[in-house]
Each structure stands twice: as structure tokens, then as C-alpha cells.
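Here's a walk through one structure, taken a residue and a helix at a time. Have the viewer open and follow along.

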Amino acid sequence: MKITDAKVFVGGPGKNYVTLKIMTDQGIYGLGDATLNNRETLPAAYLQDYLIPNLIGMDPRNSEDIWQFFYRGAYFRKGPIAMAAFGAIDTALWDIKGKLANMPLYQLFGGKSRDGAIVYAHATGADLPDLMESIASYVAQGYKAVRVQCGIPGMPTASYAVPDKKGTEGDFITDFSGIIPKTEIWDTDRYMRFMPGALADIRDRFGPDLKVLHDVHHRLLPREAAAFAKAVEPIGLYWLEDPTPAEDQAALRLIRQHSTTPIAIGEVFNSIWECNKLIQEELIDFIRVAVTYAGGITHVKRIIDLAGMHNVRTGFHGAPSHSPISMAAQHHLNAWAPNFGIQEYLVLGTPACDALFPSDHVMRDGMVYVSDAPGHGVDFDEREAARYEYKPGSHPVVRLEDGTLWNY
Ligand SMILES: [Mg+2]
């Protein structure tokens, strides 16, 4: 069996999805996702210029050797652009493998460990009453877990992922007016004074059963993060996400020494080498890597197995930038992984997205039920894809009030 061709498509409804299609001499094709948010053209170019010419003629069944060929074969290793490109190839090869075996991917991993996988939604509010309404709407839809982000009183601009105005719906992160980013102003003191009380009010209103998650989005220094994690301990958060920037792994030790609040980290990691110490020293509770830019199923499966040995559960990244293809790969891993925790899930199921990526994965009452179709179970309609093209976009940058650049 041989790979005969591969094509890359960039575009989609409201997102620049990077979709890889690998064709074979037996008529079976595989699909992968290389979407690197706001840098979408780079993994696409890496695939087209360097990786696809090497893929032609390879046996697609040898997904492990192909992974090693691209990873070990390159002198410069890792990095989100390369790992997103490898991840798309790997996911497409697993898709081919599943179609050849006539089995859904979870069967190739070891079968199902659960009927459905719990997911969490994103509730946001310009202020606390606005956020309460947003949470209530997700609870009414059957969600059992909600990530909560709130506008901070007195903050000069909206902060991470919240709207400027009450009652606004949508993506408050990507700005498609161009590649020059807008600026958000951040004030740690205002955040530290407000957010623990807001989380306590949310717990009072929604009771003990709702799983409440909160994303600090790398804004705190290690000592501040330790104080915050300690202050919110009585609230019983399901997790506190990215309390400090991910590069400083020693920060997690300081947080751990001061609090038992569960910590989730890793959505910007692109290899096992960035989380192996955090996992082996049991400094985190959830690992948040994604199939999209952590080297695909082959590499993420290694991370899951290491995490399982150290009581670290999965909580894969599932921002709107992940296409239904990589989300499907994660649905299969979530169905199998003995140490599954939760899945971030944003409603992708618009008619336009469903037309581009047909599948029968089902999300119902805050749970995902994985498709039994062979492979990862998501197809790609090339005629639909022709309707879309790349649109430049940006995420904001963050500065303090005096102009100092801060962590986004
Ligand atoms: Mg996050």
C-alpha cells in the first residue's frame, strides 16, 4: 500500500481550518487537522513544501515509522508549527488504518472505557450577573461542567475571553479585521480582589454538583497564583487552568505547596518533553495537550500513558480553532483513555461546519458519544471547502496600565 498524493486546504466557516487529505493507491483516504490558531498558513506551508514530497510513496500503514521519520529525521525538533504538521499526518494515517480495519479508532486503542465523555462549555459575562445568565443557559442545556470567565470591575478593557457589553454572544478572542493585534489592559490586583468572591457566588447559586472551571490564562506570577489557588480552595473548583505561564515549571511546585486546588495546564505544550516533569512530579492534575499541535494521536497517546501512571487525568484543549477532525480524534482517545478527565468543547455544529465536516459524533446533555464509523469518523467535503479562503486574524496582546507587555 502506498501514499499517492496529499492536499492541504485552508479555510472554513468563521475559522481558518487547515485540513490535510492523504490519498492512497487503494482508494482509501485519511484526514488530519493542522490548524494552528492565527498562524494557519505556516503548518500548511510546512506540509506542502517539506513533508508531503517525502510522504509520496510511503506505506501509510507504518504510522509509527513515519512519525519517527519526520520527528527524529529533522535536526530541529518540536515547536508548534512542526508538531501541528506531524499531527495532521499522524491523524490522517490513523484514519486510514481504521478504515482499512473497518473499525472506529477507539477499538484500535483498546475499546471503550465509558459510554460517553463529559465535556465543558465556556460561560462568559461582561459582569457577574451577565456571567450567571450564561452559566444558567448551559446548565439548562444539560451541561454538567462549565468554564467561567468574567469581566473585572474597574479593569480598563475587557480581559481574556469576555465581552465588552452585556448579553453579547460569540468569539471574543480572534479578531478577523487583520493581523495587527488589539491591546487588552490587565490589572492583577483588581482580578485578585474580585475573582475569588465571584467564584464563591457562582458556587452558592449553582450548588455543589456543577463542575466549575476557571482559566487564569497565564496572567499571574507564581506567588500570586499560589495565593489565588489557596483563596479559591473552599469553592471546590474542578480545575484552575494555566495559573502561570507554562515555561516556568518550578512555579507549579510553589502553587502545589500552598494549595490543593486542582491544576490544569498544557494547551500550549507541543511535546511530552514539556510536561514529563510536571507529570512525574505530580505537580498538575490535568494535562491539556491537543492532538492538533502535540504531534497527533501517536504522540498524545504516549502523554496519556505517562499521565496515567501519575494520577494525572486528561482535559484536552478544545478551543474553537480545533476542527471537527482533531476533535474527533480526541473523542476516540476520550472514549478509550483509562485516565480520561474531561473535554473542552465549543459548539461546532453550525450547519456550515457540519456541511464541510460531515460526521455522526453526537454531543447530548454535556456528553460526547463517539461515532462507530471506521477511522475517526469525520469526512471533508471538498466542494464545500471551495467556498472558503484564508482570512488573516489576530489574538489581542496584553499590557499593564503603564504599558508593560504582559502574558496573553
Ligand atoms: Mg485555556
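Let's start with Glu40, which is buried yet has no salt bridge. Buried here means under 20% relative accessible area, with exposed over 50% and partly exposed in between (1.4 Å probe, protein chains only). A salt bridge needs a side-chain nitrogen of Lys or Arg within 4 Å of a carboxyl oxygen of Asp or Glu. For Glu40, the nearest side chain of opposite charge is Lys15, and that is 6.4 Å away; in this charge count, Lys and Arg are positive, Asp and Glu negative, and His and the chain ends are left out. You'll find Glu40 in the loop between β3 (29-33) and α1. Helices (H or I, at least four residues) and strands (E, at least two) are DSSP runs, numbered from the N terminus. Setting aside neighbours within four places in sequence, Glu40 touches Val10, Asn16, Val18, Thr35 and Tyr390, where contact means heavy atoms within 4.5 Å.

A word on the source: this is a predicted model, where local features need pLDDT of at least 70, side-chain atom pairs count only at pLDDT 80 or more, and totals for chains, interfaces and linings use all residues. Residues are numbered from 1 along each chain as its sequence is written, and side-chain values use heavy atoms, with hydrogens and water left out.

Now look at α1 itself. The axes of α1 (residues 41-55) and α2 (residues 63-73) come within 12 Å and cross at roughly 140 degrees. Axes are lines fitted to C-alpha atoms, for helices over the stretch in contact, and angles run from 0 to 180 degrees between N-to-C directions. Leu51, Asn54 and Leu55 of α1 meet Ile66, Phe69 and Phe70 of α2. By class, that's five nonpolar residues, one polar and no charged ones.

Further along, His217 sits in the loop between β7 and α7. Why does His217 count as buried? Because its relative accessibility is 6%. Beyond its neighbours within four places in sequence, His217 contacts Tyr160, Glu241, Asp242, Glu267, Asn407 and Tyr408. As for α7 (residues 222-231), its buried residues are Glu224, Ala225, Ala226, Phe228 and Ala229. They pack against α6 (188-206), β7 (211-215), β8 (239-241) and α8 (250-258).

Last stop: Ile272, in the loop between β9 (263-265) and α9 (276-280). Ile272 is buried too, at 15% relative accessible area. Leaving out neighbours within four places in sequence, its contacts are His299, Arg302, Ile303 and Leu306.

Methods: Nonpolar A, V, L, I, M, F, W, Y, C, P; charged D, E, K, R; others polar.
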